[in-house]
Amino acid sequence: LGSMAMEAFGPLVIASVVATMTTHAYSGADALYRVGDFALHSNAELGPYLVLGLFCGCVAPLFLALLKLGEDTFTRLKLPVWARLAAGGLVVGLLAMYRPEVAGNGRSLVFDIFSHPGTWQLLAVVLACKLLATTATFGSGAVGGVFTPTLYAGAALGYLFGVAGAALLPGWHLQPSAFALVGMGAFLAAASGAPVMAIIMLFELTLNYQVLMPVMLAGVLAYYVCRSLTTRSLYGEALKRKGAGVVARHLEALKIGDLMKPASHVLPPTADFGELARAFLQNRDDFLHIVDSGKFLGAVSLHDIKAFLDQPDLESLLIARDVMREDFERLSPSQSMSEALERFGRAEAERLPVTDESGTLLGTVTKNDVLLFLAGKPRKAEV
């Protein structure tokens, strides 16, 4: 459940930030004019980009661990909300007195790397201060976000990596700004767990097809390296703070018997074709449960008898047992909600029977019941 929410939430955030940054770039600001100049001169240059992806994949878990450490530190202080926010603001304020660049969400810092990055020593200092400020903001619970700081961290790490690569391989003519661009995508892919969105974002920023191969290789490698080292992600941690873990535990605690309803629309195995057709017309289910002396035997699918609806001569010849599916999915009252969700994922039906160990039909549970429970809404009584 948490991963589903994260997959839905992450792309929305990324899309909105990309739109904002692209609009800013096209509205007259010259900060990103160099980004579109990215060029891949030879296939051999892919090697350093792969190493950059490996580097970002190894550093991203440290970044996520730093955010977690900040959160744990402020939690252990056991301060009221206003005092915790004030403490986080104090840390950011002290850092801003030393390096004013750390104030803000970091978008201007990303632009500066591609226009006038300055010396690598200064960039490293600003990066360290920005990471500490982000940790204090995130840990104290202040409204600030971590997406744009993640972009800056990736761009700064990529630039520093490019500077080191240019010094070690002077004959390759490596451009640190190009490594900053690919590093931004690779670090974002690793930290957020959304490599496809990171690749799309880089292309949206550059509109340059040559950036796709380096950022795809570096981003995917960084993602898998990071996932092999940690299961954390930017939005996964946020969801845990907002109660996704509580919902998951509640799913495990709730049993099928708590949502079970009395069985309806059941027929005996000797029901003829006419009874089956009339029963399907009288209810909205695609499956009819077949029960004999209280024992659940299987289910008849509407799709299985559609081909015979125009043959009235079968009404007295065909019975439910002839077209019944004996391997129909069923639930037990002691199963958890998470197990029920897995069964519904494998089944074609919207309603599954609940049986005991002897096979006696106790009731039914619908997929709609499960969804209403997850939404926190009461079930409507069926008529």
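The legends below describe close-up views of a predicted model. In this model, local features need pLDDT of at least 70 and side-chain atom pairs count only at pLDDT 80 or more, while totals for chains, interfaces and linings use all residues. Residues are numbered from 1 along each chain as its sequence is written, and side-chain values use heavy atoms, with hydrogens and water left out.

View 1. Thr 137 is buried, with a relative accessible area of 19%, where buried means under 20% relative accessible area with a 1.4 Å probe and protein chains only. Leaving aside residues up to four places away in sequence, Thr 137 touches Val 92, Ala 142 and Gly 144, a contact being heavy atoms within 4.5 Å.

**View 2. The largest nonpolar core.** A nonpolar core is a set of buried Ala, Val, Leu, Ile, Met, Phe, Trp, Tyr and Cys residues joined through side-chain atoms within 4.5 Å. The largest one has 53 residues, and Met 184 and Phe 187 are among those with the most contacts inside it. Helix H7 (176-192) is one of the elements that give two or more residues to this core, and the largest share, 12 residues, comes from H7.

**View 3. Cys 56 without a disulfide.** A disulfide is a pair of cysteine sulfur atoms within 2.5 Å, and by this rule the count is zero. The nearest cysteine sulfur to Cys 56, that of Cys 58, is 9.4 Å away. Cys 56 is buried, at a relative accessible area of 0%.

Note on methods. Buried means under 20% relative accessible area, exposed over 50%, partly exposed in between (1.4 Å probe, protein chains only). Helices (H or I, at least four residues) and strands (E, at least two) are DSSP runs, numbered from the N terminus.
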